[in-house]
Amino acid sequence: MDPSVSLRELTKLSHLYYERQWMFATAGNLSYREPGSDEFWITASGKHKGELGETDFVSVNVQSGNVISAGVGLKPSAETTIHRVVYKHLTSANAALHVHTIESNLLDYSLSPKNDIMEVQVPPIEMIKAFGIWDEKPNLTMPVFYNYGSVPKIADKIESYFETKGAPKLPFLLIEGHGPTVWGNSIAEANRHLEAVSFLFKVMAYQK
């Protein structure tokens with residue numbers, strides 16, 4: 001498969017998110033996979049998101065987590081394990097975007113290693129329609145995970161959640177004190193979901 005078009009699209013989004021102050025310096029990561037593929041491409045570790053280029057990506061096997069292709073000196077993002085869980089358990093997900101918005105970091109639910117996950121009520125605002133949910137005043141929650149220092153441990157918690165509860169009705173999750181990860185069946189849909197999440201978190205931050 002030729003990933004150049006999709007990598008170019010992710011690169012443009014990276015620059016846009018940097019300008020919006022959603023991805024400061026090297027923070028955040030973006031990935032995609034071709035529908036039905038067992039391979040996904042993700043931003044390489046340590047790359048400045050305002051200067052990201054089309055060669056700053058690494059391809060990874062969904063099932064094994066092994067690197068398939070990488071440029072000289074490149075290694076996968078620290079959050080690769082989280083993206084892998086999304087692709088492994090959500091077959092309709094073909095893009096995953098992780099950013100660090102200010103509002104998402106203001107949503108403090110005081111989680112701890114002893115209480116490392118909770119379901120948080122999401123306000124039934126009009127923006128919910130961006131996720132394809134048209135119910136009037138829907139009763140929705142989002143999963144929030146404790147921000148362990150070890151990213152693979154966070155990924156294990158997310159995977160356990162998916163295995164026991166299935167995919168969240170809303171296409172995103174939040175790592176407390178870190179940021180959201182959203183997904184969609186295309187890069188365009190995932191971007192739409194991320195814009196809606198950013199607005200939603202602003203409302204939630206004001207309400208707190």
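**Note on the predicted model**

1. Lys129 has a relative accessibility of 33% and therefore counts as partly exposed. In this note, buried means under 20% relative accessible area, exposed means over 50%, and partly exposed lies in between (1.4 Å probe, protein chains only). The model is a predicted one, in which local features need pLDDT of at least 70 and side-chain atom pairs count only at pLDDT 80 or more, while totals for chains, interfaces and linings use all residues. Residues are numbered from 1 along each chain as its sequence is written, and side-chain values use heavy atoms, with hydrogens and water left out.

2. Lys129 also takes part in a salt bridge with Glu126, in which the closest N and O atoms are 2.7 Å apart. A salt bridge is a side-chain nitrogen of Lys or Arg within 4 Å of a carboxyl oxygen of Asp or Glu. Glu126 counts as exposed, at 57% relative accessibility. A search of the whole structure finds eight salt bridges.

3. Which residue forms a salt bridge with Lys88? The partner is Glu159, and the closest N and O atoms are 3.1 Å apart. This pair links distant parts of the chain, 71 residues apart: Lys88 belongs to helix α2 (residues 80-89) and Glu159 to helix α4 (residues 151-165). Helices (H or I, at least four residues) and strands (E, at least two) are DSSP runs, numbered from the N terminus. Lys88 is partly exposed at 34% relative accessibility, whereas Glu159 is buried, with a relative accessible area of 15%.

4. Glu119 and Lys165 form another salt bridge, with their closest N and O atoms 3.7 Å apart. Glu119 lies in strand β6 (residues 117-122) and Lys165 in helix α4, so the pair ties together parts that are 46 residues apart in sequence. Glu119 is partly exposed, at 31% relative accessibility, and Lys165 is exposed, with a relative accessible area of 54%.

5. Which residues of α1 are buried? They are Ser6, Leu7, Leu10, Thr11, Leu13, Ser14 and Tyr17. These residues cover an arc of only 165° around the axis, which puts them on the same side of α1; the arc is that of the directions from the helix axis to the C-beta atoms. An α-helix has 3.6 residues a turn, so residues three or four places apart point the same way. On the other side of α1, Val5, Lys12 and Glu19 are exposed. The cover over the buried residues of α1 includes β1 (29-32), β2 (39-43), β3 (57-61), β5 (95-98) and α5 (187-207).

6. Two residues call for attention in their backbone angles. Gln21, in the loop between α1 and β1, has a positive phi of about 65° although it is not a glycine. Gln21 is partly exposed at 46% relative accessibility. Ser110, in the loop between α3 (102-106) and β6, likewise is not a glycine and has a positive phi of about 55°. Ser110 counts as exposed, at 60% relative accessibility. Most residues other than glycine have a negative phi.

7. An open sheet of nine strands has mixed pairing and the order β4-β3-β2-β1-β5-β9-β8-β7-β6. At its edges stand β4 (67-70) and β6, each with a single partner strand, so one side of each is left without a neighbour in the sheet. From one strand to the next the twist averages 25°. Two strands pair if DSSP finds at least two bridges between them. Strands β3 and β4 run antiparallel and are joined by three bridges; Val60 has Val67 in β4 as its bridge partner.

8. Helices also pack on this sheet. α2 touches β1, β2, β3, β5, β8 (172-175) and β9 (179-184), and its direction makes about 145° with that of β2. α4 touches β6, β7 (140-145), β8 and β9, and its direction makes about 145° with that of β7. Contact means heavy atoms within 4.5 Å. Axes are lines fitted to C-alpha atoms, for helices over the stretch in contact, and angles run from 0 to 180 degrees between N-to-C directions.

9. Strand β8 is covered on both faces: Phe172 and Leu174 are buried on one side, and Leu173 and Ile175 on the other. In a regular strand the side chains alternate between the two faces of the sheet. β7 and β8 pair in the parallel sense over two bridges, and the bridge partner of Val144 in β8 is Leu174.
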